[in-house]
Amino acid sequence: MNRPLSACREIRVHPSLSGEVRNFGKFGEVCYSCGTCTLTCDLTTDATPFPRRPVQFAVLGLKEPLLESLEPWLCHDCGDCSEKCPQQAGPRESMATLRRYLTAQYDWTGLSAKIFTSRGWAIGAPVFAGFLVVLLAAVYHILYAGMPIEEIVATSMGLEHMFGKITWFTLAVIFIPLAVLLSNAARMHRFTMGRGKAAGIPLSVYLSEAGVALRYAFTQDRIAKCPGESFKSRRVKHSALFAGGLLMFVLLAFFLRFFQTDAIHPIYHPQRWLGYIATVLLVYGSADILAGRIRKKEEIHKHSEFCDYSLPVLILASAATGIAVHVFRYSGLAFAAHYAYLVHLVVSVPILVVELPFGKLSHMAYRPLAVYLQAVKDKAVSLQVGEETREAA
Amino acid sequence: MIRLTVNKQNVEVEEGTKLLSAVEKTGAKVPTLCHHKALTPYGACRLCVVEVHAPGRPPSLHASCSYPALDGIDVLTDTDRVKRARRVVAELLLARCPDSEVIRRIAAEQGVTEPRIRSKNDDCVYCGLCVRMCEERMGRSAIGFSGRGPRKKLESPFGKHNEKCWTCGACNFVCPVGKKVSVLASGGVPIPILNEYNFNLDARPAVSILYPQAVPNKPVIDKETCLRLNHEVCGICEAVCEAKAIDYKKEDERVTLDIGAVILSPGFEPFDPRIKDELGYGRYPNVLTSLEFERILSASGPFSGKVQRPADRKVPERIAFIQCVGSRDNERDYCSSVCCMYATKEAIIAKEHAGEDLSCDIFFMDIRAYSKGFEAYFESAKKHGVNYIRCRVASIEEIPETKNLKIHYLTEDDRKVSREYDLVVLSVGMQPPKNVDGMAKTLGVELNEFHFCKTSVFHPVDSSRDGIYVAGPFTEPKDIPETVMQASASASKVLSLLHDVKGSLIRPKEYPPETDIEGQDPRVGVFVCHCGTNIAGVVNVPEVVEYARTLPGVVYAENNLYTCSNDAQERIKEKIREHRLNRILVASCTPRTHEPLFRNTIREAGLNSYLFEMANIRDQCSWVHMHEAGRATRKAKDLVRIADAKAVMLEPLQKGSVAVNKAALVIGGGLAGMTSALELAEQGFDVHLVERENELGGNLRRIRYLLNGENPREELKTLIGKLEGNARIRIHKGANIVSIGGSIGNFKTKITTGGEEKEFDHGVVIVATGAKEYKPEEYLYGRDERVMTQLELEERLTQEGARLLEGGKGRSKTVVMIQCVGSRDEKRPYCSRLCCPEAVKNALKIKELSPDTHVYVLYRDIRTYGFRESYYSKARRGGVAFVRFDETAKPEVLGNGDGLRVKVHDRILDMMLDIPADLVVLSAGTVPHEDGKAIAQLLKVPLNQDGFFLEAHMKLRPVDFATDGVFLCGLAHSPKSAEESIIQAGGASARAGGILSKDSLELEANISHVVDEQCDGCAYCVEPCPYQAVTLIEYAWLNGVKKTVDINESLCKGCGTCMATCPKGGVYIKGFKLEQIGAQIEAALQALP
């Protein structure tokens, strides 16, 4: 450290920060900054040291650097640091808490903060979303379609009647949250790349590193760097989960008419086999995570917050009701299928409108984005270093 | 009885004795090889041939080991015929085993270096020692000779490995040519018995002296491994012991004692690093514990003080020390207090032993150099080139090819680096003694949460059971001086408890009458000490001994491994008797530590104890000339010659004695002064307690609460109550000391109190003048009322409570504490020790009163040693933020606008933090009281460079001054906590009580003596005497008045100022006469031959 002190960055301290962060879950303030965590972590680099550095940001109240840091997203939760931590301060849990805190900071609506810090909101928001679905269906039939109550029951909650018009509702349910998520991702980009050296990185660098984001998203290659055999299989499971989720999302967003129909598709129809694949991947991935969290055997699953349970439970419930709809439909049990579909909507809509933009599911966007942005930063630094050496020469 | 002559000397031996014993009785030497005292004579090697002249028979040669001593024969051991015969034997032996070191030496003694016949290159000399050993002593017969003549062969029965051999190793041990006989017998080599004292780094026999300084310095038989005790075989030690001291029938004794009090000092157990698998201890041979390394560094250790790796004896080039192994983790939430300093010491010593090029890196989290002198030692280590790296090491990896070790660590700015080391030393922490729970249950004492003995701040040597006191690391990890203080403090408690029966078990030591040496010529005995390798590693000791033999008056000289050891004392006494020595000269270390021991030894041998002289060839020679062996040896000879010049002129001296006034003066009415006054009064002595202020209590009055929740106000009140209620204590408040005259046993002190002058006599003085909080000049202190010291904060927190911390309108306040204000800087380089625990205490108090208040502690090293560490953890858990700054970048406090702002550079993040603060609290250091200087002058005791009183010895005499009868405790000694002040006060009272218990004291004999005939009363010497021991007197003499001077023997320290001022030789110091010193100077100027 030969740099003069006057050259180092001056940061205004927000003493209340650590208290705020602590609202988002377990946070190891007992940390005495020994660095064992960073030392044991195989994912850290000299440019992005963690967990000690981001944890210290929060402990000391350095809000700006914390918002700027991508490090919490670069951690894959192996939990080696928590095992080795001489104070049992749980650096892994601290990093997870920082991710929740950052998710809330990226979210301009403020809903995310409520969901992560209050059990009431965490349960209430999805329940409310589910309730809205039922209410919407009822209101549609009574006010818009003018059906008498007894007919609603006779037409299985009126869904049958509604099918033609439900497309717009469903698309809204898919695309509005997606828009919110994208706007939050844009904020994340602004926080992390908006100032300092990262601010002026040219578009060409962004384009040249696009492959990193894709490769990470689909292969989860960073997880493989975590130690232990379980992380080899975890990488596969998590990739499957991501692929399943994305596939299902694409199917629903762009090929909704294949689903919202009473038509019977032949087995080779893409709706059927693509849907099966997505379902299998989702059920396998979620069930595995949920089982792990209940068993609490590995360090990664030892300490779980509410959102860590609620997401896989919702996905499994959604899959179960989806499968039920499918089975009823193909067995010709139309009424049952339609009721099941209502339940399916009640369970699935909260995933899309709550979990995806505001809840834990948002990490599906933030993590690859963080890996991508870090790659962009690294690339920019290497280019700059190259330029400097050329100039020096 | 059989009578014969050996070399014309008459000898008488018992019937059945062999010739060899008869010969040895006369002191004549006969070479042997196949002979062994514990085995039957064999007569195989014929090396011990002697010429026997029997009446009426021609002279013949016989092996003396097996030939019987016969009545009337004459034996010659050194004739030409004998020599010729031995030479032939030696030649044959050498031809058989030319590679054996032992055989070469035996041959060389007989003048044979090359045999004239062809070498056999055998690995056996057919002495039969192993065969006899196995059969006679072990009863196994697992090895024997087969064949005859040229076909004779050492082998096991039928040439096969056999189960008769139990691989005891006696055969290997006894073989003169180093053959591994056991391999022949059973294919195995014995497993060595590991030496526990050297942490199993080397081996020891089943009967051994456990370590060189063992008390008593006698060998003991290891019951676990001794073959005699376990299998009724062997018994060699009994056979060879000349003193017949071996008794295998001795049983353990069960002793019942009636006692009035118990002092528990079971010590500690070093942490076993095997538990921390990631550090590789037990798996990697070059990962050692600090205690193992300590033994390696020791002159009496396994490698005689050479820095070597245990496995391959390679001299390391890079050593890493890893701190906090078994300390400061979540399972052991305490600091072991001593490891930072011992690692520093070991690094410095390792560099001294192995050379400056040895690189020593110490991996640490916070350097805890908190005690007196520690910070300066730490700074000097850095100057020595010891490298400190601030990182907790997570794991160690071995490089299999070199067995070197790789350490990955994190630099302070978060970069991962790795370095390779030859040796890694784990600084293991202190744990409670083994089986502590069972012991506590047996003794009925309570343990604390860490399983150390439970004590309290105000009763630090009391266990939970009455009459059981505790000392040492059993109560909390601590270092030597604090252990010594606490040991004395618990002794003081016992002195109080048992003061009715004090001294009833003492048996005065009895000495033989003094030998009168009047008129005898000097017969000097010289004993030169190796001091392990301390001296012998540099100085050629045998050469010095040889030289000493040539000096005037010297009739005997020898060298000893440790001249101070118990057996050496016996040897000195034996030599005094044997050679009728009347002066003893020991060339070893310093008289300051060892002169009393040797004086006692020669007194026990009947010599006047002043017939002793010492040459310091360690501190003044081998230590300072470590790298110039040749010149150091010359200097050692010079020093011995100079000492001898005086030794031959030594005269017997007698000590006077003085009565002891059984009262004490305690200066200072703070916690330490009050405690020592009370303890002395409880021991049964009168005490004058002098306090400059009008109220007792000192700094304790400003302490409102303690870390562990105890209430100091209550304790203070109780203590003052006890003092005021004790009839033996006279309290002088608002008092000034005018003068302190006299010396140990008889002091006279004048004080003024309330305009009145008082004078009283006392036998001892305890200095407890205290210290005070530093008044900061930095960080806006005194210019902004929101900046205060820790003690001021403590007072305001007590008075205003949570009001001080209310931010209003839902806003939380922020308190920033800055450590090391007025400590560890250029002006006051020492650590004030109290401030880290104090800051943690106040931070916790703030969080207790107002959990929403934000607290930042800016520190350089957090020094919450011992159990204070758990409160540091508690503070962090409670959300107190700790920011480390470097001494080169101190924080800045800015006071513009409404709020204060503190700027501090965080080293890990490399960012300048700008903290908005409502209160800034300065952890101001502890500075000595200005009165200290005056008291120091009155008592003629020294202060150190920091202005604190300087004790007699930093480690071993922490409450004594070099001046007898004056003791020290409390903050006047160095910054310390209430608990530590109480301990030191107790220690001082025990030491003072030791003097007050005596009715009279022996005086030094080396004091001033007036030669009345030569003194004309000029009184030149009266004024310069620093001890006011000289007075001018007149007496009637030959019808006139004779003027002369008189010496007060109890005041005189023998400094010699009077002698130096006297122009007429009218006064001298006994033992330092002008002629004695003159002879030494002359000897010093003599050139070595």
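The model is predicted. Chain B has 1089 residues, of which 45% count as buried. The largest nonpolar core holds 210 residues.

**Chain B overall**
- Chain B contains 27 helices and 49 strands.
- Its C-alpha atoms fill a box of roughly 120 × 95 × 60 Å along the principal axes.
- Of the chain B contacts between residues at least 6 apart in sequence, 67% join residues at least 24 apart.

**Nonpolar cores**
- In the largest core, the residues with the most contacts inside it are Ile766(B), Val767(B), Met817(B), Val920(B) and Phe967(B).
- Helix H18 of chain A, residues 334-355, supplies the largest share of this core, 13 residues.
- Domain 1 (12-106) and domain 2 (111-378) of chain A both contribute residues to this core, so it lies between them.
- A second, separate core has 57 residues, among them Tyr281(B), Ile322(B), Tyr334(B) and Cys335(B).
- Leaving aside residues up to four places away in sequence, Val920(B) touches Tyr779(B), Arg786(B), Val787(B), Val816(B), Ile818(B), Val893(B), Leu900(B) and Val902(B).

**Helices H14 and H16 of chain A**
- H14(A), residues 230-254, packs against H16(A), residues 270-295, at an angle of about 140 degrees, and their axes are 8 Å apart.
- The two helices, H14(A) and H16(A), are therefore oblique to each other.
- The crossing of H14(A) past H16(A) is left-handed.
- Residues of H14(A) at this contact include Ala240(A), Ala243(A), Gly244(A) and Leu247(A), and those of H16(A) include Gly275(A), Ala278(A), Leu281(A) and Gly285(A).

Terms used
Residues are numbered from 1 along each chain as its sequence is written. Chains are lettered from A and ligands numbered from 1 in the order in which they are written. This is a predicted model: local features need pLDDT of at least 70, side-chain atom pairs count only at pLDDT 80 or more; totals for chains, interfaces and linings use all residues. A nonpolar core is a set of buried Ala, Val, Leu, Ile, Met, Phe, Trp, Tyr and Cys residues joined through C-beta atoms within 7 Å. A residue is buried if 20 or more other C-beta atoms lie within 10 Å of its own, exposed if 12 or fewer, and partly exposed in between; C-beta atoms are placed from the backbone. Helices (H or I, at least four residues) and strands (E, at least two) are DSSP runs, numbered from the N terminus. Domain bounds come from an automatic or database domain assignment. Two residues are in contact if their C-beta atoms, placed from the backbone, lie within 7 Å. Axes are lines fitted to C-alpha atoms, for helices over the stretch in contact, and angles run from 0 to 180 degrees between N-to-C directions. Angles under 35 degrees count as roughly parallel, over 145 as roughly antiparallel, 65 to 115 as roughly perpendicular and the rest as oblique. A crossing is left-handed if the near helix is turned anticlockwise from the far one by less than a right angle, and right-handed if clockwise.
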